[in-house]
Amino acid sequence: MALLQDEYQKQEKMNGVIYDMSPSAGYKHGIINNNINTIIKAGLKGSLCLVFMENLDFKYHPEENDDYVIPDIMIICDRKHLKGGSYSGVPKFIAETLSPPTALRDKTDKMQAYEKAGVGEYWIVSPQGKSVEIYYLTEGRYVLTYNYLLQDDEEEEHYNAKTEIALKEFPHITMKLEDIFEGMEP
């Protein structure tokens, strides 16, 4: 059994450099990803589009190199670019949930790769700060369009837990800030 465990390694390859993604991020990372994925999956029901959570390689420049990343959440609609365990088209949406070892790469290298690939909407979600940054691709560049910091204490002036966020290309898919971070407390 130990041999099988040693054989499996989750990796990403960016700019020709292989990054070991093991061990997995903390449980809060998984809770957030599952919350977002569940809402999106329900909203895509009956659609040709699919949502993937941490289980599909995105080959973001297949014509240039063999680099790939594994987005936390990714919506794809052009199924002809699915092959085996990878996708080489342009996702409609990607979200990355920050973890200490990958936060810098999510906010720099991955963001640049997604921008260059033409991904229209990119979210950066922080479990530690309970925040959501939403970037829209505008004239080939990402523009920070919304930045939410959860305030879930109803007694506070800037209470915003019920604030609804809609996906730009899928405006019928909405989620409240409190839904994104639901279940994080032990």
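Reader: How do you know that the side chains of Lys-110 and Glu-96 meet in a salt bridge?

Author: The nitrogen and oxygen of this pair are 3.2 Å apart. A salt bridge is a side-chain nitrogen of Lys or Arg within 4 Å of a carboxyl oxygen of Asp or Glu, so the pair qualifies. It links distant parts of the chain, since Lys-110 belongs to helix α4 and Glu-96 to strand β8 (residues 93–97), 14 residues apart. The model is predicted: local features need pLDDT of at least 70 and side-chain atom pairs count only at pLDDT 80 or more, while totals for chains, interfaces and linings use all residues. Residues are numbered from 1 along each chain as its sequence is written, and side-chain values use heavy atoms, with hydrogens and water left out.

Reader: What makes a stretch of the chain a helix or a strand?

Author: Both are DSSP runs, numbered from the N terminus: a helix is a run of H or I with at least four residues, and a strand is a run of E with at least two. Strand β7, which holds Ser-86, covers residues 86–87, and therefore meets the requirement of at least two.

Reader: How many salt bridges are counted by this rule?

Author: The count comes to nine. One of them joins Glu-12 to Lys-110, with N and O 2.8 Å apart. Here strand β1 (residues 11–14), with Glu-12, is linked to helix α4 (residues 109–117), with Lys-110, across 98 residues of sequence.

Reader: Are Lys-110 and Glu-96 buried or exposed?

Author: Both are buried, and Glu-12 is buried as well. Buried means under 20% relative accessible area, exposed means over 50%, and partly exposed lies in between (1.4 Å probe, protein chains only). The buried residues of α4 are Lys-110, Met-111, Ala-113, Tyr-114, Glu-115 and Ala-117. Just after this helix, Gly-118 takes a positive phi of about 95 degrees.

Reader: What makes Ile-40 a buried residue?

Author: The relative accessible area of Ile-40 is 0%, so it is buried. This residue is found in helix α2 (residues 27–43). Contact means heavy atoms within 4.5 Å. Leaving aside neighbours within four places in sequence, Ile-40 is in contact with Val-51, Ile-73, Ile-75, Phe-93, Leu-167, Ile-173 and Met-175. Ile-40 and Met-175 are 135 residues apart in sequence, yet their C-alpha atoms are 8.8 Å apart in space.

Reader: Why is Lys-41 called exposed?

Author: Lys-41 has a relative accessible area of 57%, which is over 50%, so it is exposed. Lys-41 also has its place in helix α2. Its C-alpha lies 9.3 Å from that of Ile-75, a residue 34 places away in sequence.

Reader: How do you know that Ser-86 counts as buried?

Author: Its relative accessibility is 12%, and Ser-86 therefore counts as buried. Beyond neighbours within four places in sequence, Ser-86 is in contact with Leu-56, Asp-57, Lys-59 and His-81.

Reader: Which residues form a negative surface patch?

Author: They are Asp-152, Asp-153, Glu-154, Glu-155, Glu-156 and Glu-157. Asp and Glu count as negative, Lys and Arg as positive, while His and the chain ends are not counted. Patch residues have over 30% relative accessible area and no salt bridge, with like charges joined within 9 Å and nonpolar side chains (Val, Leu, Ile, Met, Phe, Trp, Tyr) within 5 Å. Glu-154, in the loop between β11 (141–149) and β12 (164–166), has 63% relative accessibility and so counts as exposed.

Reader: What is the phi of Glu-54, which is not a glycine?

Author: It is positive, about 55 degrees. Glu-54 lies in the loop between β3 (50–53) and β4 (57–58), and its relative accessible area of 25% makes it partly exposed. Lys-130, another residue other than glycine, has a positive phi near 45 degrees. Lys-130 lies in the loop between β9 (121–126) and β10 (131–138). At 19% its relative accessible area is under 20%, so Lys-130 is buried.

Definitions and conventions. Accessible areas come from the Shrake-Rupley method with a 1.4 Å probe; for residues, only the protein chains shown count as cover. The place of a charge is taken as NZ of Lys, CZ of Arg, CG of Asp or CD of Glu.
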